[in-house]
Amino acid sequence: MAENEPVQARLARTNSRFALPLATRISGRPPRIAGLSAGQSSILPPMAHDVIILIPARLAASRLPGKPLADIAGKPMIAHVVARAQAANVGEVVVATDSEPVCVAVEKAGGRAVMTGVDHPSGSDRIFEALTQLDPERRIGTVVNVQGDLPTLDPADVRAALGPLADPAVDIATLAAEIRDPAERTNPNVVKVVGSPVAARRLRALYFTRATAPSGEGPLYHHIGLYAYRRAALERFVALAPSTLEKREKLEQLRALEAGMRIDVALVDSVPLGVDTPEELEKARALLARPGRV
């Protein structure tokens with residue numbers, strides 16, 4: 001699906017009660033940050049640290065159109081993700097979106113959002129644009145990219161992703177969990193990280209693959225697509241052309257490895273549910289409908 005397809009057309013294919021009433025708010029006005037009144041600066045308020053969590057979200061998902069606004073336990077999915085990112089308590093949380101309805105839904109849920117362009121090839125490019133809008137003075141040194149389709153994300157995992165950056169040699173940090181389900185070992189939709197242990201519950205990533213790897217006895221690790229970047233690493237990454245192995249495996253993080261950037265992996269206990277299909281959406285609804293989970 002083309003990312004620049006009219007938003008009204010995309011929303012027409014969704015059943016989201018959060019989407020349809022908001023479609024009339026779409027306009028051609030310049031990008032703005034939700035929650036700011038006219039005349040206010042778009043610069044983030046001073047923070048006690050230099051970390052920001054950015055959540056890329058767009059409506060043009062081919063398998064689940066309009067998924068950021070999908071209703072889960074009475075709230076749009078993006079609101080669940082924002083709440084879990086805020087619960088990590090590591091820095092400002094802002095949604096980066098090309099959609100006015102998503103922007104409004106985030107604002108109604110008490111979050112913040114910034115409008116970005118419609119033609120970004122990846123979430124990394126989208127959060128980089130958001131970062132440059134939000135922090136032109138370059139006060140932010142660390143950027144956490146939380147995917148907008150992880151409504152069951154454990155806030156502790158967001159904090160864990162920052163751990164490897166305590167090592168100045170690390171450019172990018174990410175997460176993985178040991179594969180327990182034998183079927184996942186051979187599932188090409190489960191991305192595996194091949195890494196060398198460098199500390200307790202931490203690997204240095206050597207490769208990411210959809211294949212079953214490495215071979216032989218020992219654990220396999222399910223990669224979780226949440227990243228913590230040093231600002232300079234994000235700037236370098238988005239300036240790189242897609243790499244050979246990235247295009248072959250269809251895994252963006254291989255671009256960084258091929259360019260000689262270091263990615264370390266914090267090991268966590270479980271994989272959050274990613275919502276990319278109607279079946280996964282129903283599973284998320286069942287999980288978050290349980291008492292005490294919303």
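**The aromatic rings**

Reply: Start with Tyr227. Its relative accessibility is 10%, so Tyr227 counts as buried, the cut-off being under 20%. Bear in mind that this is a predicted model.

Next comes Tyr229. This residue is buried too, with a relative accessible area of 2%. Now look at how the rings meet. A pair of aromatic rings is described by the distance of the centres and the angle of the planes. The count here comes to 2 aromatic pairs. In one of them, the ring centres of Tyr227 and Tyr229 lie 6.0 Å apart. Their planes are at 35°, so this pair is tilted: stacked needs under 30 degrees, and edge-to-face needs over 60.

Tyr229 also pairs with Phe237. Here the centres are 6.3 Å apart and the planes stand at 45°, so this pair is tilted as well. Tyr229 and Phe237 are both buried.

The charged end of Arg255 sits over the Phe237 ring, 4.6 Å from the ring's centre.

Now place the rings in the fold. Strand E10 spans 221–230, and helix H7 spans 231–239. Both are among the elements that cover the buried residues of helix H4. Strands E1, E4, E5 and E6 are also among them. H4 itself runs over residues 123–134. Its buried residues include Ile127, Ala130, Leu131 and Leu134.

Key: Residues numbered from 1 in each chain as written. Predicted model: local features only at pLDDT ≥ 70, side-chain atom pairs only at ≥ 80, totals over all residues. Heavy atoms only, no water. Helix = DSSP H or I, 4+ residues; strand = E, 2+ residues; numbered from the N terminus. Expected span 1.5 Å × (residues − 1). Buried < 20%, exposed > 50% of the residue type's maximum accessible area, 1.4 Å probe, protein only. Contact = heavy atoms within 4.5 Å. Phe/Tyr/Trp six-rings, centres within 6.5 Å; stacked < 30°, edge-to-face > 60°. Lys NZ or Arg CZ within 6 Å of the ring centre and 35° of its normal.
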